[in-house]
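Here is a short report for a first look at this structure. Keep the sequence and the 3D view at hand while reading.

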Amino acid sequence: MDIKAKVLRNLSYGLYLIGVMDGERPCGCIVNTVFQVTSENPIVAISMNKNNYTWELLEREGRFAVSILSEKTRKEVIQKLGFVSGRDHDYTMRDGLPVLNEQCCGALICKVVSVTETPTHMVVLASVAEAYELAATVPMTYRYYHEVIRGGAPKNAPSYIAPEKEEKENRQASAGRWVCDVCGYVYEGEAAPEKCPVCGAPAEKFVEQAGDMTW
C-alpha cells in the first residue's frame, strides 16, 4: 500500500442508504460519503459511482433520501443493498421518497443543487428540505462496519482499496473463515458453503481468509 492510500484511510466515513424512486418502486444503494457542507440553509454532499443505477434515477428526478445507518442495522441488509439490489427492501415513504426501515438513526430529504463529475464518481451537492429522527441508535461508522461487523466493500466504493498480494496469500494459507469474493459475505466452517446466502455466488467464489477484510 502506498503512503497516499495509507493516509487516506484516516479519513472518517459512515454508511448511508441513498433512496430514490424507480417509477412507483423504491430503489437505493449504500454509500459511505455523505457530509454536511453548510449549516445555514443546510447543504450536504454525497459521492456516488457513475455505474450505479441509483445514480441514473437520482440524476433524472433531482431528489433523494438519505437513511443514516446505525450500529444496529443488520449486516445482511447492508450487504444486499451494497452488492446485490436496492429493490424489494422494507421502506417507509417520506415526502415521496423511500427511507430504510432498519434501525436507522435518521433520514434527510434532499434536493439536488449541483453536480460535479470525477473520473469514476459523481459528487452531488443538495439542499436538505426535511429531516426526520428515527431510532435512538448510534450511527454506524466505516471503521465499526469493518472491524466489528467485519463487512466487505464493493469495488465501486469511493475509498475501496484492493487487497495486497501478501493479504491474498494469507487468505490462501488460512482455514475456517471463507469470504465471498463477490459480495464480501463471511462464512465460518471447514469448507465454503455451496451457495452464498447474500448474493447467490457458488462455492468456488469463496476464498479462505486470515484477519480482517479490507474496505
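Which residue of strand 9 stands opposite M48? M122 in strand 9 does. This is a predicted model, in which local features need pLDDT of at least 70 and side-chain atom pairs count only at pLDDT 80 or more, while totals for chains, interfaces and linings use all residues. Residues are numbered from 1 along each chain as its sequence is written, and side-chain values use heavy atoms, with hydrogens and water left out.

**The chain as a whole**

The chain has 5 helices and 12 strands. Helices (H or I, at least four residues) and strands (E, at least two) are DSSP runs, numbered from the N terminus. Of its 215 residues, 45% count as buried; buried means under 20% relative accessible area, exposed over 50%, and partly exposed in between (1.4 Å probe, protein chains only).

An open sheet is formed by 7 strands, in the order 2-1-5-8-9-4-3, with antiparallel pairing. Strand 2 (25-31) and strand 3 (34-38) stand at the edges with a single partner strand each, so one side of each has no neighbour in the sheet. From one strand to the next, the twist averages 35°. Two strands pair if DSSP finds at least two bridges between them.

| Strand pair | Sense | Bridges |
|---|---|---|
| Strand 4 and strand 9 | antiparallel | 7 bridges |
| Strand 5 and strand 8 | antiparallel | 6 bridges |
| Strand 8 and strand 9 | antiparallel | 11 bridges |

Strand 8 and strand 9 form a hairpin, with 3 residues between them. E117 stands opposite M122 in strand 9, and M122 also stands opposite M48. For I68, the bridge partner in strand 8 is G106.

**A helix on the sheet**

Helix 2 (residues 53-61) packs on the sheet. Among the strands it touches are strand 1 (16-22), strand 5 (63-68) and strand 8 (106-117). Contact means heavy atoms within 4.5 Å. The direction of helix 2 makes about 60° with that of strand 1. Axes are lines fitted to C-alpha atoms, for helices over the stretch in contact, and angles run from 0 to 180 degrees between N-to-C directions.

**A residue in strand 11**

E188 is found in strand 11 (residues 186-188). E188 is exposed, with a relative accessible area of 57%. E188 and E208 are 20 residues apart in sequence and 9.5 Å apart in space, C-alpha to C-alpha.
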